[in-house]
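Me: I would like to go through this model one feature at a time. Please give the general idea before each case.

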Amino acid sequence: MSVANDPKLTSWVAVGPMSDFPIQNLPFGIFSQGDGLRRAGVAIGEQILDLAALQEDGYLDGMGLPDGLFAQPTLNAFIGRGRAEGRRVRERVSILLRHDNHEIQGRADRDRFFVPMAGAQLHMPVFVRDYTDFYSSEQHAYNVGCMFRDPEHALLPNWKHLPVGYHGRASSIVVSGTPLHRPKGQTRADDAEMPSFGPTRLLDFELEMAFVTCRENGLGNAVRTQEAEDYVFGLVLFNDWSARDMQKWEYVPLGPFLAKNFGSSISPWIVTLDALEPFRVAGTKQDPAVLPYLESEGDRNFDIRLEVAIQPENSVETIVSRSNFRYMYWNISQQLAHHTVNGCNVGVGDLYASGTISGPSPDSYGSMLELSWRGTRPVVLSDGSERRFILDGDTVIMRGYAEKDGVRVGFGEVTTKILPAKP
Ligand code: MN
């Protein structure tokens, strides 16, 4: 494990006990300030360390990095250099921020390397060319199967033999803080003969995580489970917005389309797989046994606590779900191996979302569809109002963090306000 993960490390930059961004995390993102250009940074406490300024002043010399690597509007060029180089940069930043290091700490003008997160704009960390959404939580697949079929046939015959997924829409992925309008589309009521058109009545979130790839396999080449993690730079929180009434009408026979492609929201900081190393856990035992190309060894799941809150307009938030990324039946190595086993090529900056992450208990379900059980059991918020699905003016907030040995490695938030449908 990297020295940068040592739980005893502390930084000379102030980090509160509940911060998601201690020196053991050091996630990468893209930020700007005022009218300034977008550039790469690392989160530490409530500050952003400006990587472009760091490189400009020579603090990353001798690492073989091209000039201006971090003075770019996305992280694609940087992460495309591979996981090993990402690890070296994270370890160098860790050394510079250590309590006993004076290279920057000792400078009278050290503040110029930092921007307070509260005063910065965070942007999409990568240009996303391709996005895939899996369906890898057994409880979620079971719940949805119960609602739309019956408990006996809740999981379809393929579900335990392959990580089910579909190709999503990359162009409408937005960063936390970007509001979305309620989408309009076709729906058909159960008792109606003809469809109607209008704003969705069943707007839902899906609590997911997504991994970001940093390496190309080249068309025709499969990625094996044993090497899959070399393709993964890190993870973000992912809200796969869904219009359930549109989905129900349109999804047969080719799957999700306009019910999903109007927007998906991600958290701005990419937490590296290296930072998540201490939080590995075993997945559930897979039964029946999977085909050889899907076999994976070692602890390939991650213990990341997740929560979803709803904040109505001018009101307080209520946490409506607490789940965990460890509940995934299919791990990210299996997802990537399956995705490429036919020769499909992976790109730098692609996003692969997990599918809704529902835990075993009803308060750990990852969508309103499940939390309200298709609208039959309204969720009561702390201001007394009820939700079956998401209303105009609601803000949905997802958070996630891993914690062990007194160290908390977090993702921050993905926050999205829902605006009324456009006229
Ligand atoms: Mn989804």
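Me: This is a predicted model. In which sense do strand S20 and strand S25 pair, and over how many bridges?

Reply: Strands of a sheet pair through backbone hydrogen bonds, either parallel or antiparallel. Here strand S20 (residues 305–311) runs antiparallel to strand S25 (residues 395–404), with 7 bridges between them.

Me: What is the strand order of the open sheet of 5 strands?

Reply: The order is S9-S26-S25-S20-S21, and the pairing is mixed. Strand S9 (180–181) and strand S21 (318–324) are the edge strands; each has a single partner strand, so one side of each lacks a neighbour in the sheet.

Me: Which residues lie nearest the centre of the second largest pocket?

Reply: Asp20, Arg399, Arg408, Gly412 and Glu413 do, out of 27 lining residues. The sheet strands return here: S20, S21, S25 and strand S26 (407–419) each supply at least two residues of the lining. S26 gives the largest share, 4 residues. The volume of this pocket is about 470 Å³, and its lining has 10 nonpolar, 9 polar and 8 charged residues.

Me: How is the largest pocket lined, by class of residue?

Reply: Its lining has 16 nonpolar, 7 polar and 7 charged residues. The space comes to about 750 Å³. Of the 30 lining residues, Tyr135, Val164, Gln247, Tyr251 and Pro256 lie nearest the centre. At least two lining residues come from each of S6, H4, strand S7 (165–167) and helix H5 (244–250), and H4 has the largest share with 4 residues.

Me: Where is Glu138 placed, and is Glu138 buried, partly exposed or exposed?

Reply: Glu138 belongs to helix H4 (residues 138–148). Its relative accessibility is 28%, so Glu138 counts as partly exposed. For contacts, set aside the neighbours within four places in sequence; Glu138 then touches Leu155, Trp159, Lys160 and Tyr329. Distance in sequence and distance in space should be read separately: Glu138 and Met328 are 190 residues apart in sequence, yet their C-alpha atoms are 7.1 Å apart.

Me: Which residues coordinate the manganese ion?

Reply: The manganese ion is coordinated by Asp133 (OD), Glu206 (OE), Glu208 (OE) and Asp240 (OD), at 2.1 to 2.2 Å. Along the chain these donor residues follow the spacing D-x72-E-x1-E-x31-D. Asp133 sits in strand S6 (residues 131–134) and Glu208 in strand S13 (residues 207–213), so this pair ties together parts that are 75 residues apart in sequence. Both Asp133 and Glu208 are buried.

Me: That leaves the cavities. How many are there of 30 Å³ or more?

Reply: There are 2. The largest cavity holds about 40 Å³. Its lining is made up of Arg300, Asn301, Phe302, Phe325, Met328, Trp330, Asn331 and Ile332, which divide into 5 nonpolar, 2 polar and 1 charged.

Me: What lines the second largest cavity?

Reply: Arg83, Gly86, Arg87, Phe233, Thr272 and Asp274 do. Helix H3 (residues 83–97) gives the most, with 3 residues. By class the lining has 1 nonpolar, 2 polar and 3 charged residues, around a space of about 30 Å³.

Terms used: Residues numbered from 1 in each chain as written. Predicted model: local features only at pLDDT ≥ 70, side-chain atom pairs only at ≥ 80, totals over all residues. Heavy atoms only, no water. Buried < 20%, exposed > 50% of the residue type's maximum accessible area, 1.4 Å probe, protein only. Contact = heavy atoms within 4.5 Å. Donors = N, O, S within 2.8 Å, 3.2 Å for Na, K, Ca; no water. Pairing = 2+ DSSP bridges. 1 Å grid on protein atoms, 1.4 Å probe; cavity = no way out; pocket = protein on both sides within 12 Å on 5 of 7 lines; lining within 4 Å. Points joined across faces, edges and corners; volume = space filled by probe spheres on them. Nonpolar A, V, L, I, M, F, W, Y, C, P; charged D, E, K, R; others polar.
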